[in-house]
Amino acid sequence: MNSPTVKIISDCFINPKFISEAAKKPFYFSPWDLLMLTTNYIQTGLLFRLPENQDFSITTFLDDLKESLSTTLTHFHPLAARLATVKHENPPFLTVFLNPEYSPGARFIHSAVNLTVNDILTPTDVPLVVQSFFDHHQAVNNDGHELSLLSVKVTKLVDAIFIGCSINHMLVDGTSYWHFINSWSEMFKSKGQNSHLTHISRPPILDRWIPTGSDPIVNLPFSHEDEYINRPNRPMLRERIFHFSSDSLAKLKAKANSECNTTKISSLQSLSALVWRCVTHARRVPADQETDCMMTINNRSRISPPLPENYIGNMVQTVRATTTARELVDHGVGWAALRLHEAVASHSDKRIKEGMDAWVKSPCVVNARVHFDKNSVYMGSSPRFDMYGNEFGLGKALAVLSGYGNKFDGKVTSYPGREGGGSIDLEVCLLPEHMAAFESDEEFSTIFNE
């Protein structure tokens with residue numbers, strides 16, 4: 001359908017309510033942050049039913065959002081800054097850091113569109129208009145030199161409100177993204193009661209993790225950003241959200257473990273293996289070609305000494321299982337799930353630090369054309385993140401939806417199911433011809449339709 005245009009009603013910037021001395025100083029990135037220079041902003045948002053209460057005022061609601069955001073930014077002050085780069089000669093290298101000076105703050109947009117909840121949630125595929133519910137469309141993280149590092153877009157629909165956040169991926173991974181949203185929701189609920197700003201249930205740890213023995217200021221071996229910035233033209237994709245109940249996942253997990261005579265394989269590993277097999281089959285990958293499944297993994301608890309979950313920044317890597325299309329299809333889902341389990345289990349402190357030491361010796365940034373193969377499946381996000389606990393005075397969200405950022409053929413994003421209990425939603429992005437075959441795959445539809 002031809003969707004109505006999302007119209008911007010107001011646009012402003014929000015700063016921390018109080019600015020500490022630490023918030024006035026330059027802020028340097030870790031190697032894992034710098035890896036993200038050319039990826040997109042993280043874009044995820046929540047769709048809420050518009051309150052039936054006649055006393056509800058969108059103006060008051062927006063004022064409360066802005067006030068609580070300002071308070072939250074006092075704790076998460078890097079999100080109100082901008083990127084800056086210092087260029088060096090002989091030898092040439094760049095130092096990219098956060099500069100809090102001269103930044104107007106985090107952006108806050110109020111917009112509206114003539115659409116309903118049914119217009120968004122009823123179609124089989126996620127409507128393209130959802131991408132317009134987010135700011136910084138198609139921006140890469142390096143654009144944070146000119147663009148806000150955090151942009152909130154609040155869109156009023158006929159019967160709903162969508163709160164969409166775009167956050168620069170150099171500052172946050174999925175864990176810290178939802179830590180910020182959880183904290184903002186907590187501040188909103190307090191409605192100004194926390195006047196001294198001394199209490200937040202999970203204070204963020206902003207100091208960056210740097211490998212032992214490394215310089216705290218990490219430089220990149222480039223003379224100009226043109227050497228690493230790439231903006232690939234993404235083909236038109238179909239995006240669809242598939243729901244898996246806790247019962248169907250329990251059966252799939254039991255099947256995978258039974259096939260391998262183990263109890264170690266998790267529900268997410270089983271589900272990832274199923275998607276990997278069915279996408280590979282839908283793509284008709286030649287039997288002798290390699291295919292892999294990558295899963296994002298949180299390093300906070302895996303390094304020694306471990307980092308708290310409150311650490312704000314990028315602490316994720318990908319683990320990978322690789323095989324040929326023939327082996328993947330000929331074996332059962334348990335065989336594929338066990339390959340993924342082994343990849344996760346072997347991701348140790350030693351392996352993490354060896355990889356980081358190699359990066360420090362030869363720094364690079366993520367290049368989608370190099371790191372993501374056409375036969376790959378990439379599992380991102382996590383069903384463990386607290387998404388539906390963020391209510392902002394509107395009750396439980398109807399759905400979690402995402403924007404344009406970091407999507408490509410074979411990207412799969414996992415969310416907790418709305419009903420909880422271990423249910424999972426998967427947002428699958430595929431080329432149209434592959435999605436059609438994937439939807440009709442008998443092995444997949446058996447689990448999905450339960």
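Predicted model: local features only at pLDDT ≥ 70, side-chain atom pairs only at ≥ 80, totals over all residues.
Let me begin in a loop: Pro305 lies between strand S10, residues 290–298, and strand S11, residues 316–324. The peptide bond that joins Ser304 to Pro305 is cis, with omega at about -5°.

There is another such bond elsewhere in the chain, between Asn90 and Pro91, where the peptide is again cis and omega is about -5°. Pro91 sits in the loop that leads from S4 to S5, and those two strands bring us to a sheet. Strand S4 and strand S5, the latter covering residues 93–99, run antiparallel and are joined by seven bridges, and within that pairing Lys87 stands opposite Leu94 of S5. In general, strands of a sheet pair through backbone hydrogen bonds, either parallel or antiparallel. Here the sheet is an open one of three strands, in the order S2-S5-S4, with antiparallel pairing. Its edges are strand S2, residues 27–28, and strand S4, residues 82–88, each of which pairs on one side only.

One further backbone detail deserves a mention before we step back: Asn261, in the loop between helix H5 (246–260) and helix H6 (267–283), has a phi near 55°, which is a positive value in a residue other than glycine.

Now to the overall arrangement. The protein is divided into domain 1, residues 7–227, and domain 2, which is made of residues 238–383 together with 405–449. Taken over C-alpha atoms, the centres of domain 1 and domain 2 are 26 Å apart.

How many residues of each domain take part in the contact between domain 1 and domain 2? On the side of domain 1 there are 41, and they are in contact with 30 residues of domain 2. Between them, domain 1 and domain 2 bury about 3200 Å², and 60% of that area is on carbon and sulfur atoms. Of the area that domain 1 buries against domain 2, Trp32, Leu35 and Trp209 supply 23%, more than any other three residues.

The interface has a polar side as well, with 22 residue pairs in polar contact between domain 1 and domain 2, counting pairs with both residues at pLDDT 80 or more. Helix H1 (31–34), strand S3 (42–49) and helix H4 (174–190) each supply at least two residues of the side of domain 1 that touches domain 2, and the largest share, four residues, comes from H1.

Finally, the salt bridges: two are found across the interface of domain 1 and domain 2. Elsewhere in my notes I have the pair Asp173 and Arg300, which form a salt bridge whose closest N and O atoms are 2.9 Å apart.

Terms used. Residues numbered from 1 in each chain as written. Heavy atoms only, no water. Pairing = 2+ DSSP bridges. Domains from an automatic or database assignment. Contact = heavy atoms within 4.5 Å. Buried area = accessible area lost by both parts, 1.4 Å probe. Salt bridge = Lys/Arg side-chain N within 4 Å of Asp/Glu carboxyl O. Polar contact = N/O pair within 3.5 Å; in protein donor to acceptor, adjacent residues only side chain to side chain.
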